[in-house]
Amino acid sequence: MAKKSLMGLVVWLLVGANGVAQTAVVAADSSAAADNAVLYYLPKTELVVLAEAECTVQQNGPFYKYAERYLGVSDVVTAPTKTWRLKRVCVQAQPVRDEQKCYAVAVNKKTTAYYLQTTDDGVLVAVNAPTPTPDLQPQPTWPVAAEAADTVVTFDMAQLGEEALVASSVPKMAELAAKQIYQIRESRAALLAGDNETLPDGAALGVMLQRLDEAERELLALFVGKSVTYCRSAVYSIVPDKPVERDVLFRMSRFEGIVAADNLIGEPVYLSVTVPKQPTRRRAVGAEAPCGIVYNVPTEAVVELSDCVSVLAHAVVPMPQLGGVDCLPAMLFDGNATRVTLTEYGALKSISR
């Protein structure tokens, strides 16, 4: 059909002399310039999938073996670990230009069909609109968690007193560190109870309590360990040209995070695009009566992201490439300023004079 576009334009321009419709809209080849014609495109749907994975890094403290003996704490990190989990999956749809749906409108003073308004990339949004139609609003984006600047877990040994730092063995250092923790707790209790002879004012008291909390937290970490959590994201863009059933989009590994679809170290995350209601068959452009403006007849598709257990994301979106096209009668634009507006997915939105 694309190869016949330029020849078709000539035919349409000539038939006007015989009293036939003057409006000429034919399928065109986007790579070829059409003389004395205006080109426009219809959109198709692109799916954008965001996958966000969360990593938790845990590191045992140097005194973890003595946590229960000196502090009575048994819930501690005993070995370094790094664990990933899939935090969320989101899917959005956005219209993009369909290179396969390019149409040429012949420039002819006896028709108004070539007064087109398009987006910056040539997608048709209106014909004969009284004022410039604004560009489509950009699709919203997701807030993506920033990755941690430092994912290495470290311990502040400087919080240990001089006696602990020069101790001859790790058990002795742990014992002295535990004594410091108990001393900090006693000091905090005394401040809060007002047992000290001289008490700082409100602001100074807050600063002192904050420093005591920080010191205790760092010393306690030497026994119970530390953890840091950060996120990484991956974005996938897919333009389905047919329904799909459980195609592997990516994989999620407990040890590596989000990995490629062919990396069998991870569990699969599937993409499914189904069309519950079959679209009505539409005639090919130019197959019967002369065509005016060609527009999309989208069908609705159900998009699901799932793993082996549950559905992770679900959306119902218009999918022009799985539907069809139709066109307004050519005679509507012969000398008439018929006004037409389309939706962002190229469907007929309104028509008036």
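Visitor: Which residues is Glu-304 in contact with, leaving aside its neighbours within four places in sequence?
Guide: In this predicted model, Glu-304 is in contact with Tyr-270, Leu-271, Ser-272, Val-311, Ala-313 and His-314, once the neighbours within four places in sequence are set aside. With His-314 there is also a polar contact between the two side chains, at 3.1 Å.

Visitor: And where does Glu-304 lie, in which strand?
Guide: Glu-304 belongs to strand E10, and its relative accessible area of 27% makes it partly exposed.

Visitor: Staying with E10, how many bridges join it to E11?
Guide: There are 13 bridges joining E10 to E11, and the two strands run antiparallel. They form a hairpin, with four residues between the strands, and within this pairing Val-297 stands opposite Gly-324 of E11.

Visitor: How many disulfides does a search of the whole structure find?
Guide: The search of the whole structure turns up one disulfide, formed by Cys-291 and Cys-327, whose sulfur atoms are 2.3 Å apart. Cys-291 lies in strand E10 (residues 291-306) and Cys-327 in strand E11 (residues 311-329), so the link ties together parts that are 36 residues apart in sequence.

Visitor: What is the handedness of that link, and are the two cysteines buried or exposed?
Guide: The link of Cys-291 and Cys-327 is left-handed, with -60 degrees about the S-S bond, and both Cys-291 and Cys-327 are buried.

Visitor: Changing topic to the helices, what does the span of H5 look like against what it should be?
Guide: Helix H5 (residues 202-224) has 23 residues, which at 1.5 Å a residue should span 33 Å, and its end C-alpha atoms are 32 Å apart, which agrees. The helix is followed by Gly-225, whose phi is positive, near 95 degrees.

Visitor: Which residues of H5 are buried, and what covers them?
Guide: The buried residues in H5 are Leu-209, Leu-212, Ala-215, Glu-216, Leu-219, Ala-221, Leu-222 and Phe-223. What covers them includes helix H2 (67-71), helix H4 (170-193) and strand E6 (226-238). As background to such a pattern, an α-helix has 3.6 residues a turn, so residues three or four places apart point the same way.

Visitor: What about H4, what should it span?
Guide: With 24 residues at 1.5 Å a residue, H4 should span 34 Å, and its end C-alpha atoms are 35 Å apart, which agrees. Its buried residues include Met-173, Leu-176, Ile-181, Ile-184 and Leu-191, and among them are also Gln-180 and Arg-188. The cover over the buried residues of H4 includes H2, helix H3 (162-165) and H5, and just after H4 comes Gly-194, with a positive phi of about 75 degrees.

Visitor: How many residues has the largest nonpolar core, and which have the most contacts inside it?
Guide: The largest nonpolar core has 33 residues, and Phe-63, Leu-160, Leu-222 and Phe-223 are those with the most contacts inside it. Strand E2 (37-59), H2, H4, H5 and E6 each supply at least two residues of this core, and H4 gives the most, with eight residues.

Visitor: Which residues is Leu-222 in contact with, beyond its neighbours within four places in sequence?
Guide: Leu-222 is in contact with Gly-61, Pro-62, Phe-63, Tyr-64, Phe-155, Met-157 and Leu-160, leaving those neighbours aside.

Visitor: Finally, what does the secondary structure come to, and how much of the protein is buried?
Guide: The secondary structure comes to five helices and 13 strands, and 44% of the 353 residues count as buried. Of the contacts in the protein with a separation of 6 or more, 72% are accounted for by residues 24 or more positions apart.

Conventions
Residues are numbered from 1 along each chain as its sequence is written. This is a predicted model: local features need pLDDT of at least 70, side-chain atom pairs count only at pLDDT 80 or more; totals for chains, interfaces and linings use all residues. Side-chain values use heavy atoms; hydrogens and water are left out. A disulfide is a pair of cysteine sulfur atoms within 2.5 Å. Buried means under 20% relative accessible area, exposed over 50%, partly exposed in between (1.4 Å probe, protein chains only). The expected span of a helix is 1.5 Å times one less than its number of residues. Contact means heavy atoms within 4.5 Å. A nonpolar core is a set of buried Ala, Val, Leu, Ile, Met, Phe, Trp, Tyr and Cys residues joined through side-chain atoms within 4.5 Å. Two strands pair if DSSP finds at least two bridges between them. A polar contact is a pair of N or O atoms within 3.5 Å; within protein, one must be able to donate a hydrogen and the other to accept it, and residues adjacent in sequence count only if both atoms are side-chain atoms.
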